Amino acid sequence: MKTKSLLSTASLAIAIAAFSAGAQAQIAIGHLADYSGGTSDVGTPYGQAVADTFAWVNKNGGVNGKQLNVDTNDYGYQVPRAIALYKKWSAPDSKVAAIMGWGTADTEALTGFLAQDKIPDMSGSYAAALTDPEGVSGKAKPAPYNFFYGPSYSDSLRAMLMWAAEDWKAKGKSGKPKFVHMGANHPYPNAPKAAGEAMAQELGFEVLPPLVFALSPGDYSAQCLSLKSSGANYAYLGNTAASNISVMKACKTAGVDIQFLGNVWGMDENAAKTAGDAANGVIFPLRTAVSWGGDAPGMKTVMEISKMSDPTGKVYRPVHYIAAVCSALYMKEALDWAAKNGGATGENVAKGFYQKKDWVPAGMEGVCNPSTWTDKDHRGTLKVDLYRTKVSGATDGDLNDLMAKGTIKLEKVKTVELQRKPELLGW
């Protein structure tokens, strides 16, 4: 009996040691996804792409020979749940090397903790407040461990307003064009509000009082009637696509003559399909150089990654999926650098983001736009590619077919290269 007990104890010790060694042979990543909350319409393809990309990385050898242990959680776009998950991921015995984050409210709530615990977060929020690593702007708290791929919400809106000012002149209009900010009273739609209204005034727009509508789909006829009576010419839609679609449809029914400017999460191929001709003509920013199936060497990599959850290769992936692939691969390469330079700790991973200029992840040429992060400025890019949705017929049916036939098109309108002005850092 005693011998058996000793053997059992030894076996347990070996099992624990093996488990510990296995854990050390992995790199832990936290992943916040919204598959069921208020932004799940765009959160689902983005989150799926993050999961697919890391699965593909693991299939192809992982990071410096180690597998990524990705803890994906649907937090339903609820800040308390994000904070609870962060407490788990920052605990000393289970600390992650990095986080792939999501929303503005939760990312901003975590910013101070990320800096304190030295955990980098590549978020799906592009709030300008996250771009100031040292807090020198005085507009937000220092965000040394916050990163995102693409122009900030504020810079995208500045670019769209510059286009709108040119559009007004090109149409031979007289007087001041009128601009209105629309969206929920929430950190995400409000993130670029002050910057956009300041830019609009600088460009000679008359800035109207903002119009509020919820993040969820609903009846927004009242807002459209207010929009019509205000005489607004250009309206920024600050919410995600689902509620924006409700507004666009209601405004078309009400006969509102308006040029909508969509935020980066406010328009995509699925939104154009659902909104139909109500989405025709919307201007919005695209974070990647091409959309699904575009003519670029890196599209082959994207399609390989897509097969991790769609082996058939038949699912059409919207623009948010491709942007998430870029985001996850930037993180993968920062992890690579860290693993080879002292280990994949959060502090080293953050340093990994500063190692390249005009950086495009390997295998993503022609897809991800070149990005540069420094320890003084986390504005990865100031290039804003503006696109217009074109809807030329009925949009029922398969999205692949609609895009192939040209019923729905994403038409490039203009590339705006903004100046890297120090005074605009952080807002």
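Author: The questions below concern a predicted model.

Reader: Which helices and strands do the buried residues of H9 pack against?

Author: The buried residues of H9 include Ile245, Val247 and Met248. The buried residues of this helix pack against strands S6, S9 and S10, and against helices H2, H8 and H10.

Reader: Which residue follows H9, with a positive phi?

Author: The phi in question is near 75°. The residue that follows H9 with this positive value is Gly255.

Reader: How many residues apart in sequence are the parts tied together by Glu166 and Lys414?

Author: Glu166 and Lys414 form a salt bridge, with the closest N and O atoms 3.4 Å apart. Glu166 belongs to helix H5 and Lys414 to strand S13, so the pair joins parts whose separation in sequence is 248 residues.

Reader: Is Arg379 buried or exposed?

Author: The side chain of Arg379 meets that of Asp377 in a salt bridge, 2.9 Å from N to O. Buried means under 20% relative accessible area. Arg379 has a relative accessibility of 4%, so Arg379 counts as buried.

Reader: Which residue is linked with Asp377 and Arg379 in a network of salt bridges?

Author: Asp377 is buried, with a relative accessible area of 9%. The network of salt bridges links Asp377 and Arg379 with Arg420.

Terms used: Residues are numbered from 1 along each chain as its sequence is written. This is a predicted model: local features need pLDDT of at least 70, side-chain atom pairs count only at pLDDT 80 or more; totals for chains, interfaces and linings use all residues. Side-chain values use heavy atoms; hydrogens and water are left out. Buried means under 20% relative accessible area, exposed over 50%, partly exposed in between (1.4 Å probe, protein chains only). Helices (H or I, at least four residues) and strands (E, at least two) are DSSP runs, numbered from the N terminus. Contact means heavy atoms within 4.5 Å. A salt bridge is a side-chain nitrogen of Lys or Arg within 4 Å of a carboxyl oxygen of Asp or Glu.
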